[in-house]
Amino acid sequence: MKQDEVHISSYLSLGTVLTVLLLLTAVSVLITGWHLGPFTVAAALLIACVKAATVIIHFMHMKFESLFLKIMVSGVFLLFALVIVITFIDYLLR
C-alpha cells in the first residue's frame with residue numbers, strides 16, 4: 001500500500017464482512033453435526049480458508065495492494081493447500 005494513500009472502509013462494508021464471517025462460523029459449527037465422512041474435515045478447512053481470505057482482503061486491505069503482493073499471498077495459500085492435499089493423500093493411503 002502506498003504510504004500517502006488513506007483507505008477508510010465504510011460501516012456498511014465492515015458490517016457486511018462481519019455478517020459473512022458470523023455466517024461462515026455458524027456453518028463451520030453446524031457442519032460438525034452433519035455426517036459427511038472424510039469430507040467433514042475438508043469442508044471445515046475450506047470454510048476456514050474462505051474466512052481467512054475474507055479477513056486478509058478486507059481487514060488487511062489486500063484489495064488496495066500491488067499485484068506482486070497479491071500474487072505472493074496467493075502463492076502462500078496455494079502452498080498451504082498443497083500441504084493439506086498431501087497430508088490427506090498420506091492419511092488415505094495408510
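**Helix packing and selected residues**

Mentor: This is a predicted model. In it, helix α1 (residues 11-30) packs with helix α2 (residues 39-58) at an angle of about 165°, and their axes are 10 Å apart.

Trainee: Are α1 and α2 roughly parallel or roughly antiparallel?

Mentor: An angle over 145 degrees counts as roughly antiparallel, and α1 and α2 are therefore roughly antiparallel to each other.

Trainee: And is the crossing of α1 and α2 left-handed or right-handed?

Mentor: The crossing of these two helices, α1 and α2, is left-handed.

Trainee: Which residues of α1 and α2 meet?

Mentor: From α1 they are V17, L21, L24, T25, V27 and S28, and from α2 they are I47, V50, K51, T54, V55 and H58. Sorted by class, the contact of α1 with α2 has seven nonpolar, four polar and one charged residues.

Trainee: Staying with α2, what span does it reach from its first C-alpha to its last?

Mentor: Helix α2 has 20 residues and reaches 28 Å between those two atoms, close to the 28 Å expected at 1.5 Å a residue.

Trainee: Which residues of α2 are buried?

Mentor: The buried residues of α2 are T40, A43, I47, T54 and I56. The elements that cover them include α1 and α3 (67-92).

Trainee: How do α2 and α3 pack, then?

Mentor: Their angle is about 170°, and the axes of α2 and α3 are 12 Å apart. That angle is also over 145 degrees, so α2 and α3 are roughly antiparallel to each other.

Trainee: Which residues make the contact of α2 with α3?

Mentor: On the α2 side they are V41, A42, L45, C49, A52, A53 and I56, and on the α3 side V73, F77, F80, I84 and F88. By class, this contact of α2 with α3 has 12 nonpolar, no polar and no charged residues.

Trainee: Let us take F77 from that list; is it buried or partly exposed?

Mentor: F77, in helix α3, has 27% relative accessibility and counts as partly exposed.

Trainee: What is F77 in contact with, leaving aside its neighbours within four places in sequence?

Mentor: With those neighbours left aside, F77 is in contact with C49, A52, A53 and I56.

Trainee: How many residues lie between F77 and M60 as a separation in sequence, and what is the distance in space?

Mentor: F77 and M60 are 17 residues apart in sequence and 15 Å apart in space, C-alpha to C-alpha.

Trainee: Changing topic, where does H61 lie?

Mentor: H61 lies in the loop between α2 and α3. Its relative accessible area is 19%, under the 20% cut-off, so H61 counts as buried.

Trainee: Which residues does H61 contact outside the four places on either side in sequence?

Mentor: Those contacts of H61 are H7, S9 and I56.

Trainee: What about phi of H61?

Mentor: Phi of H61 is near 55°, a positive value in a residue other than glycine. In general, most residues other than glycine have a negative phi.

Terms used
Residues numbered from 1 in each chain as written. Predicted model: local features only at pLDDT ≥ 70, side-chain atom pairs only at ≥ 80, totals over all residues. Heavy atoms only, no water. Axes fitted to C-alpha atoms, helices over the stretch in contact; angles between N-to-C directions. Helix = DSSP H or I, 4+ residues; strand = E, 2+ residues; numbered from the N terminus. Parallel < 35°, antiparallel > 145°, perpendicular 65-115°, else oblique. Left-handed = near helix turned anticlockwise from the far one by under 90°. Contact = heavy atoms within 4.5 Å. Nonpolar A, V, L, I, M, F, W, Y, C, P; charged D, E, K, R; others polar. Expected span 1.5 Å × (residues − 1). Buried < 20%, exposed > 50% of the residue type's maximum accessible area, 1.4 Å probe, protein only.
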